[in-house]
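Let's get to know a protein together, one question at a time. Take a look at it first, then follow along.

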Amino acid sequence: MKTALFILSVFFSISAIAQPTVSGYTIPAKDTIIILPTSSITLSGTAVQGNPGHPILDTSWTKTSGPAATITKPSNRMTTTVTGLVAGSYIFTLTATDKQNSSSAAVKITVISGILPVQLAHFNVSKNDQGILISWQTEMESNNSGFIIQESTNGSSFFDLAAISSQAKGGNSNTPLTYSYQISNNNSQADMHSIWFVMTLLAIIVFISKLKKAYKCLILGIVCMFLFSCSKSVTVPDNTPASTVKAFRLKQIDLDNQVNYSEIIMLN
């Protein structure tokens, strides 16, 4: 008899402890990030009773944190609509209650502005005598940290070339701002040849300094002509066709680490 009473007591204790199982989600799921001017979202969830004989008596949605918003039918609704959302982060909580216990599940929603932090007046990529010039101008900047210039040889996989900080004070500006970045030609071979040219020329001058004046002029003239002809042989013509088509774009980063991309400019 005592054993039966003990088992019954444990059963009721466990029953009293058991809580409803609750989950919450948004409809549709992709709208957990909302871009203004959209300012409403549908919340829904599930709640399963935790105790036999203890059905779910009430479910309610509440705004746990975030800016102003209106829950149309917060009580006794698994599914409800939230309106009046503004830019910011929200947490809405679904709570289910039975006769003795309650349980909750939270949903996070982020609302962002539909206005880009930077308005580009133009973005240009062109060739010049030094290589490739990338230039752009912003009409306005808001909360802008800066830009990363990116390059691609296939138009899809981009890598970073250079980081350019925003010229706007505090990342905000209502006046046009102009940026540029020069990508130089690969002149390492020509530069090295020029160094060897100068070193060789100096060595020859020192060597012939002990010769007679007539011989000095003759040898120096021959050596200069030879080295000049060699330097011309490594010059790459301007009309040499490029082996690949390059693509460039701007990666804009705001002060909250949000990222936007410019159009892609192709360059032959």
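Q: Is Glu-151 buried or exposed?
A: This is a predicted model, where local features need pLDDT of at least 70, side-chain atom pairs count only at pLDDT 80 or more, and totals for chains, interfaces and linings use all residues. Residues are numbered from 1 along each chain as its sequence is written, and side-chain values use heavy atoms, with hydrogens and water left out. Buried means under 20% relative accessible area, exposed over 50%, and partly exposed in between (1.4 Å probe, protein chains only). Because its relative accessible area is 8%, Glu-151 is buried.

Q: Which residue forms a salt bridge with Glu-151?
A: Side chains of opposite charge can pair when their charged atoms come close. A salt bridge is a side-chain nitrogen of Lys or Arg within 4 Å of a carboxyl oxygen of Asp or Glu. Here the closest N and O atoms are 3.7 Å apart, and the partner of Glu-151 is Lys-246.

Q: How many residues apart are Glu-151 and Lys-246?
A: Helices (H or I, at least four residues) and strands (E, at least two) are DSSP runs, numbered from the N terminus. Glu-151 belongs to strand 11 (residues 144-152) and Lys-246 to strand 14 (residues 246-254), so the pair links distant parts of the chain. Their separation is 95 residues.

Q: With which residues is Leu-255 in contact, leaving aside its neighbours within four places in sequence?
A: Leu-255 sits in the loop between strand 14 and strand 15 (259-261). Contact means heavy atoms within 4.5 Å. With those neighbours left aside, the contacts of Leu-255 are Asn-143, Asn-144, Ser-145 and Gly-170.

Q: How far apart in space are Leu-255 and Ser-145, C-alpha to C-alpha?
A: In sequence, Leu-255 and Ser-145 are 110 residues apart. In space, their C-alpha to C-alpha distance is 5.0 Å.

Q: What is the phi of Asn-257?
A: Most residues other than glycine have a negative phi. Asn-257 lies in the loop between strand 14 and strand 15, and it counts as exposed because its relative accessibility is 62%. Although it is not a glycine, Asn-257 has a positive phi of about 65 degrees.

Q: What is the average pLDDT of the protein chain?
A: pLDDT is the predictor's confidence in each residue, from 0 to 100. In this chain, 69% of the residues score at least 70, and the average is 78.
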